Structures are given as structure tokens and as C-alpha cells.
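Hi,

Here is the structure I promised to pass on. Have a look at it first, and my notes on what turned up follow below.

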Amino acid sequence: MATQTLSSRKTGARRTTVAMKLLMASTGGLFVFYVLAHMYGNLKVFAGQDAFDTYAHHLRTLGEPILPYEGFLWLFRVALILALVGHAYSAFYLWSKASGARSTRYAVSAASRMAWKSQTMRWGGVALLLFLVWHLIQFTIVKVNVNPDVKDATIGDSPYALVVASFQVWWVVVIYLLALAALGLHLQHGVWSGAQTLGWTNSPRARRTAQTTAYAIALVTAVGFALPPLFILFGVVD
């Protein structure tokens, strides 16, 4: 009887672990879609103020007249918040399980490699979360002008003007680039792990494809996000 109870507990734990991995992979997929779409939107800064501001305004009118003004954006924001909660919960659950298992099952060298990857993903995720809060405050919620050389009246209601004024400040660009480095590492490892969870790495060719895709998404995203602030900082875009 005790053996059966222990066995059922192990089976239940395995099912929970699989469920958490699937939750992490599915919510991670939504974030990959979001950052790629957001990166594309940021690149419209190269098309000039009218194009960028028109794009920003169009996002707020999606779904009209069925949805109210900014209705689609708020629905998408709620979906992202729920996905973030699920992603963070599953991540901490899996990390805690892995830490407990690692102390007894792995050799020291293997444990060190896994611990480094785990720490990178864990603290990189925390750093991205903190950056996201600041990013939303700066560009969406409060719309903070951190450039002492540009008056608020000059920026007005123009998203383009706020972006340009912000990235003319060097320390804002440095923070942004550090966040992009964390994002690139997180995406590379996350896409690869998600492919494993979904069973897309069952052959050498599939593993190579998944690895290449993971690196490509991480690189394209990081570089795509880095271009606007760098071009603004160095005066190419103003």
C-alpha cells in the first residue's frame, strides 16, 4: 500500500512537472510573438515622426467600432499579464524542483553548468521584469520625460518625440542595451527549451533547426531593438 502511494505521488509530480513545462512553453511563445511585433513597431521610427505616431495611434484603434478606443490593447495587456503570472509561476516551480533534484543526482561539473544556466535565466528574468515595469512607466503609463534638454511641451502627445528625447540620454540607452542582452539570452534559452518541451528536437536535424531558430530569434530581436536607440543617440535619427 505504501509503495502504491509513493508511486502515485511520483506519477502526480511528473504530470505536474510536464504541465508546468507546457505552461512555460506556451506563455513563452506568446512573449516571443509580442517582442517580435513590438520590435517591428519600434523600427518604424526610421520612417519618421508621422509614420511612427500614426502606427502608435492605429494600435489604439484596433477593433473599432466593435471594441472601444484602446479596447484591443487592454485585452492584449490582460492576456500578457496572465501569461506573465503563469510563466513566472511555472519557472519558479521548475527551478525549485531542479534544485532539489540536482543536489543528489548530478555530478559536480554537470550541476555547475546547470546551475549557471538556471541562475542566468532566473536573474535575467527578474531583470527583464524590473525593466518592463520601468519601460511601461516611461513610455505608456506615466510617459516620463528624462531628457532635461527637451521640454514636455515640445514632446506633447507624440510617441515619436518621447522616444527620441529619451534615447538622446546616454544612460537610458545603456540601461536599454543591458536589458536587450538579458532578453537575447532569455530568448535563446527559452526558445530552445520550448522546442524540447513540445517535442520538436527528437532528431539531430530537428535539434540543429531548433538551436538555429533560437539563436536567430534572439539575435534578430536584440539587434532590431538596439538599432533605434543607437541611431537616436548618435544623431542619425532626430
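**Helix packing around H7 and H8**

Let's start with a pair of helices: the axes of H7 and H8 (residues 204–233) come within 8 Å, and the crossing angle is roughly 165 degrees. Angles over 145 degrees count as roughly antiparallel, so that is how H7 and H8 run relative to each other. The crossing of H7 past H8 is right-handed. As for what sits in the contact of H7 with H8, by class there are 21 nonpolar residues, four polar ones and one charged one. Before you go further, keep in mind that this is a predicted model.

H7 itself covers residues 170–197, which is 28 residues. From first C-alpha to last, H7 reaches 40 Å, close to the 40 Å expected at 1.5 Å a residue. Just after H7 comes Gly 199, with a positive phi of about 80 degrees.

H8 has another partner to look at, namely H6 (residues 159–167): the axes of H6 and H8 also come within 8 Å, but they cross at roughly 70 degrees. The range for roughly perpendicular is 65 to 115 degrees, which means that H6 is roughly perpendicular to H8. This crossing of H6 and H8 is right-handed.

**The cavity**

If you were planning to run a cavity search, here is what mine gave. The structure holds one cavity of 30 Å³ or more, and the volume of the largest cavity is about 30 Å³. Which residues line the largest cavity? They are Phe 131, Trp 134, His 135, Gln 138, Val 172, Ile 175 and Tyr 176.

H4 (108–141) and H7 each supply at least two residues of that lining. H4 gives the largest share, with four residues. In terms of class, the lining of the largest cavity has five nonpolar residues and two polar ones, and no charged residues.

A few backbone spots are worth a click in your viewer. In the loop between H2 (49–61) and H3 (71–105) you will find Pro 65, and the peptide bond leading from Glu 64 to Pro 65 is cis, with omega near 5 degrees. That loop between H2 and H3 is also the place of Glu 70. Glu 70 is not a glycine, yet its phi is positive, at about 70 degrees.

There is another residue of this kind further along. Where is Lys 143 found? Lys 143 is in the loop between H4 and H5 (152–155). Its phi is near 60 degrees, a positive value in a residue other than glycine.

That's what I have for now.

Cheers

How values were computed:
Residues numbered from 1 in each chain as written. Predicted model: local features only at pLDDT ≥ 70, side-chain atom pairs only at ≥ 80, totals over all residues. Heavy atoms only, no water. Expected span 1.5 Å × (residues − 1). 1 Å grid on protein atoms, 1.4 Å probe; cavity = no way out; pocket = protein on both sides within 12 Å on 5 of 7 lines; lining within 4 Å. Points joined across faces, edges and corners; volume = space filled by probe spheres on them. Nonpolar A, V, L, I, M, F, W, Y, C, P; charged D, E, K, R; others polar. Axes fitted to C-alpha atoms, helices over the stretch in contact; angles between N-to-C directions. Parallel < 35°, antiparallel > 145°, perpendicular 65-115°, else oblique. Left-handed = near helix turned anticlockwise from the far one by under 90°.
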